[in-house]
Amino acid sequence: PPLLSPPSSSSGLHFLCYLLSLSTWWMSSSTSKSLSAGSSRSSRSSLRSSSRSGLRSSSRSLRSSSRAGVFGARQAGHVRATATDAPRIEKTENAKQDAMTRTQRAVFPFVRVVGQDQVKTALILNMVDPKIGGVLIMGDRGTGKSTAVRGLMTLLPEIDVVEGDAYNSSPSDPELMGPDCIDAFRENGGEPLPNATTVSTPLVELPLGATEDRICGTIDIEKALAQGIKAFEPGLLAKAHRGILYVDEVNLLDDNIVDVVLDSAAGGWNTVEREGISVSHPSQYILVGSGNPDEGEMRPQLLDRFGMSVEVTTIMNSEERVQLVKERRAFDNDPESYLEAVMPEEEDLRKRIAEARLRLNNVVVPRPLKVKIAGLCAELGVDGLRGDLVVNRVARAYVAFSQPEKTEVEADDVAAIVSICLNHRMRKDPLDPIDGGYKVAMMFRKIFNSDDWEAEQAAKKKAEEEAAAKAAAELKENPRSGKKAGAWGGLP
């Protein structure tokens with residue numbers, strides 16, 4: 001406040017000094033306030049800028065340190081885990097152990113599957129000759145389709161592979177080697193590769209929701225990020241090489257995925273062209289598909305790619321149904337003891353399959369029989385030549401397995417397998433009540449047993465003519481013959 005008090009008198013000089021002191025005080029107070037306000041604003045702005053710059057620098061350092069840590073750990077082959085990652089890693093390890101436990105669980109043995117003789121015959125013949133083209137098993141639910149296929153695991157022989165190879169490459173056969181092994185084989189001068197081991201024949205199941213990248217293979221993202229190189233990550237077709245690829249509910253898969261699988265199965269090679277990568281590797285496997293026709297049909301073009309097709313129906317024989325329940329209960333109560341009891345049967349069947357593979361090249365199909373097989377396919381209207389090839393292959397495998405003493409296929413051997421080779425290749429009429437297998441059987445008798453067929457047809461025609469003549473004679477003698485009582489008999 002001003003030091004001078006307001007004037008008590010009307011002295012002009014005293015009043016003027018009072019006004020000057022009051023204005024001076026007001027100016028000084030306003031200046032100090034503006035300076036303090038400016039300093040506070042500048043301090044606040046400087047604080048904000050310093051905090052922002054500090055956050056930016058700290059975030060940059062954090063990101064750079066995290067990137068360096070992750071890339072360094074990837075190059076070392078693993079990512080360092082923190083204390084918060086321990087539960088996650090523990091759950092992952094538990095999941096892996098559970099998955100291993102599930103794969104190691106016992107499966108119902110193939111030799112104890114009750115009934116379904118055609119299914120078992122088709123699977124065994126494909127194991128004798130893997131070039132047949134696989135099996136398509138269609139039928140009602142709960143008929144043992146998947147059980148029969150998974151039971152093959154105990155019958156599959158062991159194979160020699162290159163240790164650590166993702167393609168199950170053979171150490172000595174260049175046609176069964178992957179890209180890396182074939183290069184090493186050539187550098188080794190054509191000698192068998194040294195790092196060989198023995199493993200069980202793989203049985204790979206294709207899940208229903210699998211993508212095309214997972215099946216065929218795709219670029220390895222981890223190597224691309226960590227090492228900056230283009231690398232190929234093999235898919236399920238590489239894992240199934242020299243084994244069995246099982247597709248459950250094959251009729252529910254997308255057509256493009258089924259087409260990719262069937263193409264590689266027919267050609268024996270899988271070629272991948274994507275993201276600048278071009279890879280071709282052998283993919284020879286036995287393709288087995290199963291499904292329920294009530295859930296959807298397959299295109300004829302896809303059906304024709306399967307070598308054999310079997311239609312499974314529910315067992316109606318009471319004795320077989322009781323036997324099936326008995327076997328299943330015994331397996332569920334004590335799987336280990338049950339599997340030990342069937343080991344001699346499995347060993348005997350495994351031995352028969354191995355011996356049939358050795359005899360397969362010695363079995364031949366005579367030329368007259370080949371001509372009749374071609375005529376049968378032509379009469380049935382089968383499109384393409386796959387039917388001819390499959391019938392010849394399956395007939396040779398059937399003789400090699402079921403009749404070890406024979407080296408030549410006969411007409412009876414073709415009759416035993418021709419229906420499951422051709423019934424799915426015929427053009428189906430939805431209004432035709434006759435089953436495709438019955439048509440194949442009738443046409444087989446016409447082509448292979450022409451004399452008996454002609455005699456049977458002549459006897460049938462003669463019987464029809466005699467029945468018509470008898471009906472005409474009865475009608476002539478009695479015009480009302482064959483008519484109901486009270487029916488109009490015409491004008492007199």
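Predicted model: local features only at pLDDT ≥ 70, side-chain atom pairs only at ≥ 80, totals over all residues.
1. Helix 9 (residues 255-267) gives the largest share of it, with three residues.

2. On volume: about 40 Å³ of space sits in this largest cavity. The structure has one cavity of 30 Å³ or more, so don't go looking for a second above that cut-off, because a cavity here is a set of points where a 1.4 Å probe fits but cannot get out.

3. Now helix 12 (residues 335-359). Its 25 residues reach 35 Å from first C-alpha to last, close to the 36 Å expected at 1.5 Å a residue. Still, have a look at M343: helix 12 bends there by about 45°, and a proline, P344, follows within four residues.

4. Which residues of helix 12 are buried? They are Y338, V342, E346, L349, I353 and A356. Their cover includes helix 3 (117-128), helix 11 (318-333) and helix 14 (386-402).

5. Check the backbone at N168, which isn't a glycine but has a positive phi of about 55°. N168 is in the loop between strand 2 (158-162) and helix 5 (179-187). With 15% relative accessibility, N168 counts as buried.

6. You'll find R242 in the loop between helix 8 (236-239) and strand 7 (244-248). Its relative accessible area is 19%, so R242 is buried, the cut-off being under 20%.

Key: Residues numbered from 1 in each chain as written. Heavy atoms only, no water. 1 Å grid on protein atoms, 1.4 Å probe; cavity = no way out; pocket = protein on both sides within 12 Å on 5 of 7 lines; lining within 4 Å. Points joined across faces, edges and corners; volume = space filled by probe spheres on them. Helix = DSSP H or I, 4+ residues; strand = E, 2+ residues; numbered from the N terminus. Expected span 1.5 Å × (residues − 1). Bend = angle between axes of the 7 residues up to and from the residue. Buried < 20%, exposed > 50% of the residue type's maximum accessible area, 1.4 Å probe, protein only. Contact = heavy atoms within 4.5 Å.
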